[in-house]
Amino acid sequence: DHFLFFTSPVQVFSFSLLLAFIICGLTYFGLPVSIAHIGMGGLIGWSFGVHVHSPVSQIYPVALAWVVSPVVSLGIAFCLYKVMRWFLKKCSIPLLYKDIFVRFNLIWIGCVIAYTLGQNNFSVLTAPFVQIFPPFLYMIILSFVLFILLGALSSSKKVIKTWSKGMFPLSSFEAMLMGLSAACTMFLFSLKLSFIPAVPVSSAAALIGGIVGISLAKGGQGLH
């Protein structure tokens, strides 16, 4: 709310169209970008353009969270990998059961990541529209969800390849732990805790933090 200074639908349309062009351009080159970073950066820039005063007190916790969140995800992924590897070595679980365990957890962890996206940085996209059209809150949310689905099905292939192979080759077991660490991180920043601000953070940064954490737990070899 501190960065929302829209007064007309034309302003919201212009602002959102600019963000859409930026995201589409970067997606064309297969680059994973943060909607939270681009959206919040745009909102801050807009607030500077409309108001002379600088909302530094509101910017600081958001900027700090952007730095801290990938580190938190890195730490969670590192610890999860070490604990799970120790557990699997101690327990003689048949390979088939291990495979079923990983496949099942990949599905529900993917659902948890999607939930935390809606819970956390989805607010950056919808907030300008809700400010101008508050009675249509649920219609706006449903419209965004529909077009996110269409975008994922039609244009996400290049970015998926960057995630899956470009930075660090992950096994299905490691991908499960990476996703869980990112989901836990985003969930923490969605809660209103005394030591963690409830602010929109980057899902991309949380996932990258998880990848780096897995890589470091394996010795840091092969990380690009």
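A crossing of two helices is right-handed if the near helix is turned clockwise from the far one by less than a right angle. The views below show a predicted model.

**View 1. α8 crosses α9.** The crossing of α8 past α9 is right-handed. Residues E174, L177, M178, S181, A182, T185 and M186 of α8 make the contact. Their partners on α9 are S203, A206, L207, G210, I211 and I214. The axes of α8 and α9 lie 8 Å apart, at an angle of about 135 degrees. Angles over 145 degrees count as roughly antiparallel and those from 65 to 115 as roughly perpendicular. The α8 and α9 pair is therefore oblique.

**View 2. The largest nonpolar core.** This core holds 36 residues. F173, L177 and I214 have the most contacts inside it. Six helices each supply at least two of its residues: α1 (9-28), α2 (35-50), α3 (56-90), α4 (95-119), α8 (172-188) and α9 (203-217). In soluble globular proteins, nonpolar side chains tend to be buried together.

**View 3. Surroundings of F173.** Which residues does F173 contact, leaving aside neighbours within four places in sequence? They are Y81, M84, R85, L88 and V102. F173 is also one of the residues with the most contacts inside the largest nonpolar core.

**View 4. The protein chain as a setting for the close-ups.** The chain has nine helices and zero strands. Of its 224 residues, 34% count as buried. Among contacts with a separation of 6 or more, 79% join residues 24 or more positions apart. The accessible surface comes to about 13,100 Å². Carbon and sulfur atoms account for 75% of that surface.

Technical notes: Residues are numbered from 1 along each chain as its sequence is written. This is a predicted model: local features need pLDDT of at least 70, side-chain atom pairs count only at pLDDT 80 or more; totals for chains, interfaces and linings use all residues. Side-chain values use heavy atoms; hydrogens and water are left out. A nonpolar core is a set of buried Ala, Val, Leu, Ile, Met, Phe, Trp, Tyr and Cys residues joined through side-chain atoms within 4.5 Å. Buried means under 20% relative accessible area, exposed over 50%, partly exposed in between (1.4 Å probe, protein chains only). Helices (H or I, at least four residues) and strands (E, at least two) are DSSP runs, numbered from the N terminus. Contact means heavy atoms within 4.5 Å. Accessible areas come from the Shrake-Rupley method with a 1.4 Å probe; for residues, only the protein chains shown count as cover. Axes are lines fitted to C-alpha atoms, for helices over the stretch in contact, and angles run from 0 to 180 degrees between N-to-C directions. Angles under 35 degrees count as roughly parallel, over 145 as roughly antiparallel, 65 to 115 as roughly perpendicular and the rest as oblique.
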